[in-house]
Amino acid sequence: MERTLAIIKPDAVVARQVGAILQRIEGAGFTVRAMRLVRLSQVEAEGFYAVHRERPFFGSLTAFMSSGPAVVLALEAPDAIRKWRALMGATDPGKADVGTIRCDFGTSIEHNATHGSDAQDTAAFELGYFFAGGELGEDAER
Ligand code: CMP
């Protein structure tokens, strides 16, 4: 089993696409281990996307991610990281395969509806950014 961090971004929340995206997540066989509606501050968005700090789109990306509520999820499945990225499609919705989440719900490379961790080390950092171990069922008594 593997876990990954998914975000339903503010563009998809404001467009009332949370339910449709959750349906795709569960339909693809993921178990939702934890889920929360968050309103990130600019500083929290900057911390989350710190690896992109030097990129020209960093300011715009973090302003967008703190512009309204987002839904953060811990998803579990065999091969979850790769599988969630495949379900989302390419980062740029214009290049995403037909039937993927970003093709169907994204409107630009920035407003691309969802985020997913890209590797095991980033998944561990990103899951820890939003969820305590206990929320993920990692306490000994659970
Ligand atoms: P995400 O998977 O959340 O990871 C980083 C985000 O930066 C990415 O999705 C895009 O939304 C955004 N991004 C990546 N490249 C660009 C770009 N060239 N211009 C604007 N935003 C970008």
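**Figure legends: fold and ligand site**

**View 1. Overall fold of the predicted model.** The protein has seven helices and four strands, taken as DSSP runs numbered from the N terminus (helices: H or I, at least four residues; strands: E, at least two). Along the sequence the pattern reads β-α-α-β-α-α-β-α-α-β-α. The radius of gyration is 14 Å, close to the 14 Å from the globule rule for 142 residues, so the protein is as compact as a globular protein of that length. That radius is taken over C-alpha atoms, and the rule is 2.2 Å times the number of residues to the power 0.38. The C-alpha trace spans about 45 × 35 × 25 Å along its principal axes.

This is a predicted model: local features need pLDDT of at least 70, side-chain atom pairs need pLDDT 80 or more, and totals for chains, interfaces and linings use all residues. Residues are numbered from 1 along each chain as its sequence is written, and side-chain values use heavy atoms, without hydrogens and water.

**View 2. The shell around the ligand.** K9, Y49, H52, F57, L61, T91, R102, I109, E110, N112 and H115 surround the ligand, each with a heavy atom within 4 Å of it. By class, the shell holds four nonpolar, four polar and three charged residues.

View 3. Polar contacts are pairs of N or O atoms within 3.5 Å. A polar side-chain atom of K9 lies 2.8 Å from a ligand oxygen. For I109, a polar backbone atom is 2.8 Å from a ligand oxygen. N112 places a polar side-chain atom 3.3 Å from a ligand oxygen.

How values were computed: A polar contact is a pair of N or O atoms within 3.5 Å; within protein, one must be able to donate a hydrogen and the other to accept it, and residues adjacent in sequence count only if both atoms are side-chain atoms. Ala, Val, Leu, Ile, Met, Phe, Trp, Tyr, Cys and Pro count as nonpolar, Asp, Glu, Lys and Arg as charged, and the others, Gly among them, as polar.
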